[in-house]
Amino acid sequence: MVAKKPRVVVVGAGISGLAAAQRLCGAGGDRFEVTVVEAGARVGGRILTSEFAGHRVEMGATWVQGVVGSPVYALARDAGALVEEKEGGLPYERMDGFPDRVLTVAEGGEVVDGDTVAGPIAELYRGMMEAARAGEAGDGGGVEEYLRRGLRAYQAARSGGGGKELEEVEEALLAMHINRERTDTSADDLGDLDLTAEGEYRDFPGEHATIPGGYSRVVERLAAALPPGTVRLGLRLRRLEWGETPVRLHFADGAPPLTADHVILTVSLGVLKASLGKDASGAGGAAIAFDPPLPPFKREAVARLGFGVVNKLFMEVEAVEPSGPEDGGCGGDVHPAAAPPDFPFLNMAFRGLVAKIPWWMRGTESIYPVHAGSSVALAWFAGREAAHLESLPDDDVIRGVHATLDSFLPATPRWRVKRIKRSGWATDPLFLGSYSYVAVGSSGEDLDLMAEPLPRGPDTADERAPPLRVLFAGEATHRTHYSTTHAAYPSGVREANRLLQHYRG
């Protein structure tokens, strides 16, 4: 008789699920029967490369956070995605890295001196966050109060004071950097971002880089390496019966159920949070009903950890001349200069002076061209502003951007937005947000708890090993690289290795 191969169902075809499947199909040889079920119509999850106004843009994951020893950078290299396409290829987002010429402007149009005002506040912010990530920031609490204490100390130590107006500008500059930190972490309120946990987060060494060929090339390569038919799209998991073997998976829309010896669950923390409801089986979107319910240790970790939303707003911009004094810059013709001006790398210090600027625009740090000289500009939003952005018609978004640009760049020519493209992770039912963070009240230990399989392992070494019915992977299950692809990918490999070790034992 031929022994039955263990059947493994991987839920989710993002980089984590594909990494697990590739590891099992590769290192496991022909030892496992592997199926990847994906609720959506594509692979990639929160990795999504798109096109806009003749540019290649990332709607989700954007950066490789350090290139030295980075498995994601190695994957991109092996996929041939690190080489710019010369003939007929699209320019790609942030191809020139981080800009070295930034224009910092206070609301109302006053340029902030970089050497004496903007630079020192940026240096203060960077130094404090570096101290936090080195574990030198003191005892707990939230990140925002820590940063504001630093600014107060900086101002108090200045000889001769500085005056109320200068201090107001400095506070606006710090708020600008706080907006940057919100998009980096997905925390709606930095008061809810745990200061102590910042000391555990790690990037890889080396520069941060984007992927010229597009992040999606990485996941497409992973998927292409799997045996044909491994990935099945359009299967949305609604109920997971894991109390005994085999585990039973039930899907939406009447799709036939599947059984498995092991399930590797790679859904987002947002989906798991939605699944904590009393009747998740009746919830919309991708909420999963667990039968039996998730045990308390898992539920509590899911509830304590933070999971926020970050969205990107891409804008095709053009320079125009006002058609007349009464126009106020709202009409006009394309700038007649032979060489149109470049849109600046604009940092914005909001002070609440211009009523026409909508509240949600005040949640962004900057509006940058996606690379020097580009006609496509980008703004990042987090938290409540990011979620609200998803609800607005395009015309309202464009009016809000125009009001902002008119305040910060009042000189002619004026900048006008021709069209926009934006992400929508908060309302996407397959994700319900962007990425995780360690909230005040949680800790890195909760990330470890997120990674524990079900049923939970024995307390002593001589007890029989658990059957590993449900294993958990994804960015929210990695203690030091959470929120990134650098967490998602190795977490999938980790869980595949757990199964490989289980059968070797």
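Q: Quick reminder before we start: a crossover counts as right-handed if, with the strands pointing away from the viewer, the path from the first strand over the helix to the second runs clockwise. Which elements make a right-handed β-α-β unit here?

A: Strand S1, helix H1 (residues 15-26) and strand S2 do. Helices (H or I, at least four residues) and strands (E, at least two) are DSSP runs, numbered from the N terminus. This is a predicted model, where local features need pLDDT of at least 70 and side-chain atom pairs count only at pLDDT 80 or more, while totals for chains, interfaces and linings use all residues. Residues are numbered from 1 along each chain as its sequence is written, and side-chain values use heavy atoms, with hydrogens and water left out.

Q: OK, S1 then. How many of its residues are buried?

A: Five of the five in S1 (residues 7-11). Buried is under 20% relative accessible area, exposed is over 50%, and partly exposed is in between (1.4 Å probe, protein chains only).

Q: And which residues sit on which side of S1?

A: Arg 7, Val 9 and Val 11 are on one side, with Val 8 and Val 10 on the other. In a regular strand, side chains alternate between the two faces of the sheet.

Q: Which sense do S1 and S2 pair in?

A: Parallel, over five bridges, with S2 covering residues 33-38. Pairing needs at least two DSSP bridges between the two strands. Val 11 has Val 37 as its bridge partner in S2. S1 also pairs in the parallel sense with strand S11 (residues 262-265), over four bridges, and there Val 8 stands opposite His 262.

Q: Switching to H10: what should its 15 residues span?

A: At 1.5 Å a residue, H10 (residues 394-408) should span 21 Å, and its end C-alpha atoms are 21 Å apart, so the two agree. Its buried residues pack against several elements, including strand S5 (103-106), helix H9 (383-391) and strand S19 (414-422).

Q: Where is Ala 209 found?

A: In the loop between helix H5 (164-185) and helix H6 (216-224). Ala 209 counts as buried because its relative accessibility is 14%. Its C-alpha is 9.2 Å from that of Phe 98, 111 residues apart along the chain.

Q: Last one, domains. How is the chain divided?

A: Into domain 1 (7-48 + 217-305 + 434-503) and domain 2 (114-199); the bounds come from an automatic or database domain assignment. Their C-alpha centres lie 37 Å apart.

Q: How much area is buried between domain 1 and domain 2?

A: About 780 Å², with carbon and sulfur atoms giving 49%. In domain 1, Tyr 435, Tyr 437 and Val 440 lose the most area to domain 2, together 67% of what that side buries. Buried area is the accessible area (1.4 Å probe) two parts lose on being put together, summed over both.

Notes
Expected span 1.5 Å × (residues − 1). Contact = heavy atoms within 4.5 Å.
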